[in-house]
Amino acid sequence: MDLKLPIKIFDELTEEVIESTGVLDLASGEIRNVQYVDYDKEESGLPAEDESYEFTSGTLSNGTKEVEFRVEVDVMSGTYSITPSELLELKGRAAKLFTAPPHRRAAVARRP
């Protein structure tokens, strides 16, 4: 399967959340092309290296629906990924997310 999906990534620190975007490879669980929002990795280092770092999560979305999942950070290589068990669970949840009918607004009956 050669399916790559855009995701949002959230590095949770004690008093702030660092947001970024990336591309999740559903075949390998690797997350590539991580781009931080309002955060300079070159100046501040990898968020997971900060002493107040707690965890990292990601979201996959389709319209207004989202699926949240745990993201692993390898501080030595500076890479993000998903464990094989998390990836397997995410694939099932993503299939439901992308095959669900689009959210419809309730039709409002109008009378002349």
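A contact means heavy atoms within 4.5 Å. The model shown is predicted: local features need pLDDT of at least 70, side-chain atom pairs count only at pLDDT 80 or more, and totals for chains, interfaces and linings use all residues. Residues are numbered from 1 along each chain as its sequence is written, and side-chain values use heavy atoms, with hydrogens and water left out.

**View 1**
Among contacts between residues at least 6 apart in sequence, 49% join residues at least 24 apart. The protein chain has 2 helices and 6 strands. Helices (H or I, at least four residues) and strands (E, at least two) are DSSP runs, numbered from the N terminus. Read from that end, the order is β-β-β-α-β-β-β-α. Of the 112 residues, 31% are buried. Buried means under 20% relative accessible area, exposed over 50%, and partly exposed in between (1.4 Å probe, protein chains only). The accessible surface comes to about 7,900 Å², and carbon and sulfur atoms own 49% of it. These areas come from the Shrake-Rupley method with a 1.4 Å probe; for residues, only the protein chains shown count as cover.

**View 1. The largest nonpolar core.**
This core holds 22 residues. A nonpolar core is a set of buried Ala, Val, Leu, Ile, Met, Phe, Trp, Tyr and Cys residues joined through side-chain atoms within 4.5 Å. Leu24, Ile31, Leu60, Phe69 and Tyr80 have the most contacts inside the core. Two or more residues each come from strand S1 (4-13), strand S2 (17-25), S3, strand S5 (65-74) and helix H2 (84-99). In soluble globular proteins, nonpolar side chains tend to be buried together.

**View 2. The surroundings of Phe69.**
Residues up to four places away in sequence are not counted here. Phe69 touches Ile7, Leu24 and Leu60, among others. Ser57, Gly58 and Thr59 are also in contact with Phe69. Ile82, Glu86 and Leu90 complete the list.

**View 3. Salt bridges around Asp25.**
The structure holds 5 salt bridges. A salt bridge is a side-chain nitrogen of Lys or Arg within 4 Å of a carboxyl oxygen of Asp or Glu. Lys4 and Asp25 form one, at 3.9 Å from N to O. This pair links distant parts of the chain: Lys4 is in strand S1 and Asp25 in strand S2, 21 residues apart. Asp25 also meets Arg32, at 3.1 Å from N to O. Lys4, Asp25, Glu30 and Arg32 are linked in a network of salt bridges. Asp25 is buried, at 7% relative accessible area.

**View 4. The Arg70 and Glu72 pair.**
Arg70 forms a salt bridge with Glu72. Their closest N and O atoms are 3.2 Å apart. Arg70 is partly exposed, with 44% relative accessibility. Glu72 is partly exposed too, at 29%. Side chains of opposite charge can pair when their charged atoms come close.

Asn33 is not a glycine, yet its phi is positive, at about 55°. Asn33 is found in strand S3 (residues 30-36). Its relative accessible area is 56%, so Asn33 counts as exposed. Asp38 likewise has a positive phi, near 55°, in a residue other than glycine. Asp38 lies in the loop between S3 and helix H1 (41-44). Asp38 is exposed, with a relative accessible area of 81%.
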